[in-house]
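Subject: Structure for your review

Dear colleague,

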Amino acid sequence: MTQSESVAVSNARMEVTRRHIRTLARYERLLEISRAMNSTLDIDTLLTQIVTAASELTNTAAASILLLDKRNGTLRFEASIDLTGVNLSSIDVPLDNSIAGWVVRHGEPLLIADVSTEPMFFSKVDEQSAFQTRNLLAVPMRAHNKVVGCLEALNKMHDQPFTDEDVNTMSTLAAQAAVAIENARLFQQSDLISEMVHELRTPLAAINATTHIVLRPEVSDEKRKQLVDTIAQETKRLTRMTTDFLDLARLESGRTRLTHDLIDLAPILTSAADTVAHQGKERHITIAVEINPPELPQVVGDGEKLKQVILNLLTNAVKYNRDNGTVTLRAELHDRLIEIAVQDTGMGISPENLPHLFEKFFRVADSEGYTQGTGLGLAIAKRIIEGHGGSVRVESELGVGTAFIFTIPTPQEDVGLGG
């Protein structure tokens, strides 16, 4: 063997050794990620962990999760990430004539070295974003022998090609991720149902007890009328509670789809204020609307759901306000965010209650010590705002009032999503 041949053999052996070391390190990292996923039951946190891991393990610029929506037979982007952070989207990808759709239908990985030559590439996603997909690797996400979605890695860094090792790693990650997502959803649903059943017992018990009393012959007509009113009130409370429960369950499971239309917030704000104004007239509560600048930029979102949030906050502001008080609905532009605040002049909320306001079924007692509402309105509002890429917070001072403040981003460049 010549010296050059000997060097070539030595280099080849060293490359094999390095490849084995890289593979071992990758699977050790995959094991760490798997442990983290299996200990996470919050679905949003879990989705972020998965796309972050996919991008890291394949050394790609972006990664996405698309889950199957059985109701309309499409795939929906649940999460995506690139080097700048996370972006959630509700872009529909058809099962036909898309790479992700092919992967889900056939249950097999698909590696596309150049999407510009691939007829199945769903170009609408790139057209709606600033991201330009060059190449991608898509693998099926299978749970309990059923394909539930697709995990994608996009744009290999430094123009390197995808490898068989990438395919194997992504396939392993996708299988573990699918099971983790299913477990998180089952836990979330069972937890919510358990809470709901517990909450239903109170009005049901009140109705049951009142029914027995109202049938007693010694009860006066006046008292009987009061008892019937109590039954009617508790029945209405049950109806509101079940409606809110279904809204929240759909939001948490992803079955409620937020539309992504270009909308003007100003008409929504003034319409919501007009709707609630009559609720405060009897107690002489004034609702003021302040919009700065008057011509706010449009936002991308679901106008009906945003109005639902504003109506909920305005109704609460009237309900917990003082007589002759004021509710101010304010919208202001701050850089790329529109900040909307609902400020009341009520009794305020105690510091110990503030951290729990957005928890499911949490209710603050009113001035007479009674709780009102279903305890789900603020949890629903938080989900809707976060679904728009915004955030919500509360500021309150006892004896002064409370302000609920949320933000909605104005349109800007989206991250890569693939398809």
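The notes below go from the whole chain to its cores, then to one helix pair and one histidine.

The model is predicted. Its chain folds into nine helices and 14 strands. Of its 419 residues, 44% count as buried. The accessible surface amounts to about 21,700 Å², and carbon and sulfur atoms account for 53% of that area. Among contacts between residues at least 6 apart in sequence, 67% link residues at least 24 apart.

In soluble globular proteins, nonpolar side chains tend to be buried together. The largest nonpolar core in this chain comprises 48 residues, and those with the most contacts inside it are Ile310, Leu314, Val327, Leu329, Ile340, Leu357 and Phe406. At least two residues each are supplied by helix 5 (164–214), helix 6 (221–253), helix 7, helix 8, strand 11 (326–334), strand 12 (337–344), helix 9 and strand 14 (401–409). Helix 8 gives the largest share, seven residues. Apart from this core lies another one of 33 residues, including Leu137, Met141, Ala153 and Ile181. As for Leu357, leaving aside residues up to four places away in sequence, this residue touches Ile349, Phe362, Val364, Leu378, Val394 and Phe404.

Helix 8 also packs against helix 7. The axes of helix 7 (residues 265–281) and helix 8 (residues 303–319) come within 9 Å and cross at roughly 35°. This crossing of helix 7 and helix 8 is right-handed. On the helix 7 side, the contact involves Leu265, Ile268, Leu269, Ser271, Ala272, Ala273, Thr275, Val276, Gln279 and Gly280; helix 8 contributes Gly303, Leu306, Lys307, Ile310, Leu311, Leu314, Thr315 and Val318. By class, these residues are eleven nonpolar, six polar and one charged.

Finally, I would draw your attention to His388, which is located in the loop between helix 9 (377–387) and strand 13 (392–397). Is His388 buried or exposed? With a relative accessible area of 10%, His388 falls under the 20% limit and is therefore buried. Not counting residues up to four places away in sequence, His388 touches Leu258, Val300, Gly301, Asp302, Leu306, Ile408 and Pro409. His388 and His260 are 128 residues apart in sequence, while their C-alpha atoms are 8.8 Å apart in space.

Yours sincerely

Notes. Residues are numbered from 1 along each chain as its sequence is written. This is a predicted model: local features need pLDDT of at least 70, side-chain atom pairs count only at pLDDT 80 or more; totals for chains, interfaces and linings use all residues. Side-chain values use heavy atoms; hydrogens and water are left out. Axes are lines fitted to C-alpha atoms, for helices over the stretch in contact, and angles run from 0 to 180 degrees between N-to-C directions. Helices (H or I, at least four residues) and strands (E, at least two) are DSSP runs, numbered from the N terminus. A crossing is left-handed if the near helix is turned anticlockwise from the far one by less than a right angle, and right-handed if clockwise. Contact means heavy atoms within 4.5 Å. Ala, Val, Leu, Ile, Met, Phe, Trp, Tyr, Cys and Pro count as nonpolar, Asp, Glu, Lys and Arg as charged, and the others, Gly among them, as polar. Buried means under 20% relative accessible area, exposed over 50%, partly exposed in between (1.4 Å probe, protein chains only). A nonpolar core is a set of buried Ala, Val, Leu, Ile, Met, Phe, Trp, Tyr and Cys residues joined through side-chain atoms within 4.5 Å. Accessible areas come from the Shrake-Rupley method with a 1.4 Å probe; for residues, only the protein chains shown count as cover.
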